[in-house]
Amino acid sequence: MIILGIETSCDETACAVVENGRKILSNVIFSQIALHKKTGGVVPEVAAREHVTKIVPVLNEALKKAHVKAEGIDAFAVTAGPGLLSSLLIGVNAAMTLAKIYKKPLVPVNHVEGHIYANWLEDEENVTLSLLKGHHDKPKFPAVVLTVSGGHNELLLWKNHGKYEFLGSTLDDAAGEAFDKVARLLGLSYPGGPAIQEAAKKGDPNKTAFPRAWLKGWDFSFSGLKTAVLYAVQNFKKKNPTARESEQFVYDAAASFQEAVCEVLATKLINAAKKYDVKEVQLAGGVSANARLRHFAEKLTPPNVKLRFCKNFSLCTDNAAMIATAGFYKFSKRPAKYKKWEPIAANPNLEMKNW
Ligand code: KG4
Ligand code: ZN
């Protein structure tokens, strides 16, 4: 079964063609990062206008690269939320139109669920750590999944396709949001995650013991940490530092901040894995591209449990292959439900909790 996925929830216009939920035939992403660097973040109106002009070329490119015609697509899957409403609407309307014209099933996908399903994609670089036989094995249930992105930060017990037990989420900022905001405080570029990771290479992760919020249960909190970085920046500036000292301060603060975030995320993830006696531990979402987070997860995962994440960075951040895959498993479970064309409501606040 060939599914065309569409993703426009934030600042990436993406279309992908995936066969049988796992094989990527094409995965085209038009990133708006260069545009949003100017403002240091995404301006929704600007993002939506860009989606409007890019959606058709990206769609055509995805079909061309997959060597399929639109008529050859068996179903369309699209991100229905969460995300920016004006951005979501572009993808949702494109998918509704395609499904109507070609009389094919239409599957709405939760963006966070898409990130989770990225771990199902076969990819030459999508290697499973601690796995010695080949890397195209299917994930095993139950798994505990940490979804960490700019807009979401959740811990889920994944029992089977479409069956999740929600364990916890952030009470304030998502980890990616904290990376982006702290990068701004430190004068680093957008998006903050990769910029902090790069700066941290030249810094000392133990220079400042930034606070770790060890909340009871499975929730997270990063606002106290963000405020601690702000105070550290303000205090440092009062000392009238030299340019060289300022540079080193940014490296050290980036490394110490990254250490605090990644230690908390990985420790809670692995504690949940032990408590629920899972077969796999999975990282998903943009922040799962972070090398320090991967390092902590590798260090803490018990030897009998498999650690899985997308080694290919472009599958960690927003893409449409993950949407096509999630759409495939959703459709396979209840095909009759999606065969009749029904309008999809774009929902900026769609939650995994009630999905
Ligand atoms: O999944 P994604 O592309 O979009 C959302 O659904 O939010 O994630 C984007 C987020 C941004 O906050 C970005 O700073 C963060 O993922 N990110 C990283 C890294 N690469 C991207 N955070 C930490 N380290 C990275 N290497
Ligand atoms: Zn995302």
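A salt bridge is counted here when a side-chain nitrogen of Lys or Arg lies within 4 Å of a carboxyl oxygen of Asp or Glu. The structure is a predicted model, in which local features need pLDDT of at least 70 and side-chain atom pairs count only at pLDDT 80 or more, while totals for chains, interfaces and linings use all residues; side-chain values use heavy atoms, with hydrogens and water left out. Residues are numbered from 1 along each chain as its sequence is written, and chains are lettered from A and ligands numbered from 1 in the order in which they are written.

With this rule, the count comes to 16 salt bridges. One of them joins the side chains of Glu263 and Arg212, with an N to O distance of 3.0 Å. This pair links distant parts of the chain, 51 residues apart: Glu263 belongs to helix 8 (residues 243–275), and Arg212 sits in the loop between helix 6 (192–200) and helix 7 (223–238). Helices (H or I, at least four residues) and strands (E, at least two) are DSSP runs, numbered from the N terminus. For solvent exposure, buried means under 20% relative accessible area, exposed over 50%, and partly exposed in between, using a 1.4 Å probe and protein chains only. Glu263 is partly exposed because its relative accessibility is 24%, and Arg212 is also partly exposed, at 24%.

Glu259 pairs with Arg292, their closest N and O atoms being 2.8 Å apart. Here too, distant parts of the chain are linked: Glu259 is in helix 8 and Arg292 in helix 9 (residues 291–300), 33 residues apart. Glu259 counts as buried, at 8% relative accessibility, whereas Arg292 counts as partly exposed, at 27%.

His115 lies in helix 4 (residues 111–117) and Asp318 in the loop between helix 10 (313–316) and helix 11 (321–333), a pair that links distant parts of the chain, 203 residues apart. His115 is buried, with a relative accessible area of 1%, and Asp318 is buried at 13%.

Two strands are taken to pair if DSSP finds at least two bridges between them. Strand 1 (residues 2–7) runs antiparallel to strand 2 and is joined to it by 6 bridges, with Ala14 as the partner of Glu7. A hairpin through 4 residues connects these two strands. Strand 2 (residues 12–19) is mostly covered, with 7 of its 8 residues buried. Strand 2 is also joined to strand 3 (residues 23–31) by 8 bridges, again antiparallel, and Ala16 has Asn27 as its bridge partner there. This second hairpin has 3 residues between its strands, and Asn20 in the turn has a positive phi of about 50°.
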